[in-house]
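Here are my notes for anyone opening this one for the first time. Have a look at the chain below, then read the points in order.

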Amino acid sequence: MLEAVFKGHAAFTITAIAISIAFFIEVLLASKKRTDRPVSLALWCTSIVSVLFLTLWTNGGTQGAGTCVVNMTLLEPFGTEQGLLNSLMFMPVGFMGVFVTRRMVPAFACGVALSALIETAQGALPAIGRACDTSDFVSNSAGSMLGALIAFVLVRVRQSDLSPWRVRRSSAVTTCVAFTVLLGAVWITSIQPHSVKATEAVGSAASDQRSAVVKAVRQAFGDRYTVGNVQ
């Protein structure tokens, strides 16, 4: 995933880093007089913006436009490199969310909502050129949950004097319902789900497979080439 995003996109990399740094500074300065945890809030917001950059950056294609792959094998993404990288990418969202709110559920819910928004956008907007896949949603949400859990344990151990953010139940419920209805409307009107038993993915070769490849290459070319990564 990271190679696919950054390779050949030096301008994007520099732009994304510059905007993320500027966004961090802006949020930090704006929140200093409004909250007692401005650094954590700025880092949380920046982690969200960084994820949006990585996932919504257009590659110029139209892959998966108007469709979304629904993977029936729920745990498959955790056995793939991309799935693990997706989880790692979302861990800061859940982690910093807990340090800001001092609550686990809102931080985790933010990560889940962010992932749902991203996959919906990827499926509904052809201009993005990304593929919507429920495997990404699962791995993203798992990463957010793991980050939130780690932060929650650290907060409890450190016994911080910062109080949890107060969440109005009525406002939270209204926001969740409105967000769900909005995404649901987009799915009904713009996205066609496509169920599969498992997502076809390229994985690293087993030791016996690698040995067979190395043997075949040496028989064909002698010692002219060194075999690197085998998939």
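1. The protein chain comes to eight helices and three strands; helices (H or I, at least four residues) and strands (E, at least two) are DSSP runs, numbered from the N terminus. Reading from the N terminus, the order is α-α-α-β-α-α-β-α-α-β-α.

2. A word on the source before going further. This is a predicted model, where local features need pLDDT of at least 70 and side-chain atom pairs count only at pLDDT 80 or more, while totals for chains, interfaces and linings use all residues. Residues are numbered from 1 along each chain as its sequence is written, and side-chain values use heavy atoms, with hydrogens and water left out.

3. Now the overall dimensions. Along its principal axes, the C-alpha trace of the protein chain spans about 70 × 45 × 35 Å. Of its 231 residues, 32% count as buried; buried means under 20% relative accessible area, exposed over 50%, and partly exposed in between (1.4 Å probe, protein chains only). Taking the contacts with a separation of 6 or more, residues 24 or more positions apart account for 80% of them, where contact means heavy atoms within 4.5 Å.

4. How do H3 and H5 lie to each other, roughly parallel or roughly antiparallel? The axes of H3 (residues 38-56) and H5 (residues 104-124) come within 11 Å and cross at roughly 25°, so the two helices are roughly parallel. For the terms: axes are lines fitted to C-alpha atoms, for helices over the stretch in contact, and angles run from 0 to 180 degrees between N-to-C directions. Angles under 35 degrees count as roughly parallel, over 145 as roughly antiparallel, 65 to 115 as roughly perpendicular and the rest as oblique.

5. Look at the residues where these two helices touch. On the H3 side you'll find Trp 44, Ile 48, Val 51, Leu 52, Thr 55 and Leu 56, which meet Cys 110, Leu 114, Ile 118, Ala 121 and Gln 122 of H5. Sorted by class, the contact of H3 with H5 has nine nonpolar, two polar and no charged residues (Ala, Val, Leu, Ile, Met, Phe, Trp, Tyr, Cys and Pro count as nonpolar, Asp, Glu, Lys and Arg as charged, and the others, Gly among them, as polar).

6. How many aromatic pairs does the structure hold? It holds two, counting rings of Phe, Tyr and Trp (its six-membered ring) with centres within 6.5 Å; planes under 30 degrees apart count as stacked, over 60 as edge-to-face and the rest as tilted. Phe 95 and Phe 99 make a tilted pair, 5.0 Å centre to centre with 40° between the planes. Both sit in H4 (residues 81-101), four residues apart, about one turn of the helix. Phe 95 is at 25% relative accessibility, so it counts as partly exposed, whereas Phe 99, at 11%, counts as buried.

7. Phe 221 and Tyr 225 form an edge-to-face pair, 5.3 Å centre to centre with 85° between the planes. Phe 221 is partly exposed at 40% relative accessible area, and Tyr 225 counts as exposed at 52%.
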